[in-house]
Amino acid sequence: MKPTANAIEVHDLVKIFGHFQAVKKINFAVRQGEILGFLGPNGAGKTTTIKMITGLLNITSGSILVNGLDNQKHMALIKKKIGYMSQKFSLYPLLTVRENIEFFGGISGLNRKELRDQFTRIGTQLSDELLRQRVQALPPGIRQQVALLVCLLPDPEIILLDEPTSGVDPAMRRQFWNEIYSLKKNNKTLLVTTHHLDEAEYCDRVMIIHNGKIVLQGEPAELLSQNRQTSIEELFKQVISAHGQN
Amino acid sequence: MIRLEHISKQFAAIRAVNDVSLTIKKGAITIVSGADGAGKSTLFKILVGLVKKDSGAILLNGENIHNDYTRITSVCGYMPEKFSLYVDLSVEENLNFFAAIQQVPRRRFEELKQHLLEKTGMLPFKKRRAGDLSGGMKQKLALSAILLSSPELIILDEPTTGVDPLSRIEFFTIIEDLKKEGKTIVMSTPYLDEAEKGDFVVLLKNGRVMMQDSMAMLKESFPARLFRILPQGNIFEVMQQITDVPGLAGQVHMRGKFIRYMQSGPENLSSQVPHLEIIEERPTLEDVYIYHERRQ
């Protein structure tokens, strides 16, 4: 394996659906241990890019390296390193929180002992009462918290979160970001998409995708000062209008 | 313009709206904000008579409407949370249809249609099926449909939820233009950064009003000071040091390269933690919300 300071490297990545080019030869890297915020309007190519990294979508051309491994050749190895929390809530609503954790732990390849260890860890975050509740009865913020726990079950090195704070109330959102920071503290690498523009400031670096192209990337404070803007919202408007709207 | 007094509504065991009183001021943007299930949509449905309230009164220009909701609906345009136009009709056909059922005079309608299509940036898409529009465009079309009757009061239930940031910004720009035209707007949103753009804000939690005031007063009355510190060295170690300062546990959170903390007492951190800079900040609406939620 080639040593690399980048957890993910994307080179000339292209995705075409029929006649529609969703991702247009994009290049970027996610550095190990950083939080990279991935912003863009709907249909810009965020979820398509994330799905190609996870192997859920085939790439049309280009390459993706995860910890130096080409995801076209080593997907089985890479899948063990990646945790993915999808935009669409994907837990089973009629199962309890405990049953969901057991089910997803099982398909993540955890054995009984590992699953027991995970429950010990999770026990510090979720009460017994919560573990017994059906997922459909949980408020949105708690559901997202459970979805994150499930995504972390195989202890991935790289975590991809697709709009994790959507529909979450403000206090839970702050708590959710505290979770994200504790993952960073444990040297995890995070790629986070969001529709909350203020969350861009919570990231180490941000990247804006528009019409399938990366139109801006860098540290939030630097981007603001380079573009003479005082808020991410103004910066976002400026960048998108400079590159033409959909 | 409108005053809601002690409105309550219960669905089986759930008290969706619990003794809510609020004022919608003429010519202003009033934002009702809160998490999913806070009672925003139920409250709006009560206001336009789609849901019957259990108790309380609605006053229009100082007079109790006594369940005569036509007094409200005759002056308002209501845009529900769920997209409710015809997906198989084009943008233009939808506008034609809604103008017909609202009996907008033909000549006036043609002018208005052109104006609305231009204002919302939908002119190039007027022949497109509504079902093929993006989420943001659908909401602009729904807004245009209610503006056909030139309502004095515009009631918008979560028009920007799930809509991407750019469309949200564009939508709110239209709302601000409507305010400049003298319209009264009441809108719900779960996004507090959007709520900050309102003149008045009502924060709901579990069916109750947690806080309501003008945006300026909500921030002015924030009872603590907020600081942003750029730490020197390992941010997690500095974060721990600040958390260990008596009175600051639970008042500290990270934000990118910075640490933010809320201080109620006279602690002076400048000598206690290694830092590059400490800046005092004005609270955001999110800070206000979290502060009051914790207190309750």
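Let us start with an open sheet in chain A: six strands in the order 6-7-8-3-9-10, with mixed pairing. Strands pair if DSSP finds at least two bridges between them. Strand 6 (82-85) and strand 10 (213-218) of chain A are the edge strands, each pairing on one side only. From one strand to the next, the twist averages 15°.

The model is predicted, so local features need pLDDT of at least 70 and side-chain atom pairs count only at pLDDT 80 or more, while totals for chains, interfaces and linings use all residues. Residues are numbered from 1 along each chain as its sequence is written, and chains are lettered from A and ligands numbered from 1 in the order in which they are written. Helices (H or I, at least four residues) and strands (E, at least two) are DSSP runs, numbered from the N terminus.

Within the sheet, strand 7 (residues 158-162) and strand 8 (residues 189-193) of chain A run parallel and are joined by five bridges. Ile159(A) has Leu190(A) of strand 8 as its bridge partner. Two helices of chain A pack on this sheet, as the table shows. Angles run from 0 to 180 degrees between N-to-C directions, with axes fitted to C-alpha atoms, for helices over the stretch in contact. Contact means C-beta atoms, placed from the backbone, within 7 Å.

Now to the partner chain. The contact takes 25 residues from chain A and 22 residues from chain B. Helix 7 of chain A gives the most to its side, with six residues. That side of chain A divides into 12 nonpolar, five polar and eight charged residues (Ala, Val, Leu, Ile, Met, Phe, Trp, Tyr, Cys and Pro count as nonpolar, Asp, Glu, Lys and Arg as charged, and the others, Gly among them, as polar).

Helix 7 (residues 170-185) of chain A and helix 10 (residues 285-295) of chain B have axes that come within 9 Å and cross at roughly 100°. That makes the two helices roughly perpendicular (65 to 115 degrees; under 35 is roughly parallel, over 145 roughly antiparallel and the rest oblique). Here Pro170(A), Ala171(A) and Arg174(A) meet Glu286(B), Tyr289(B), Ile290(B) and Glu293(B).
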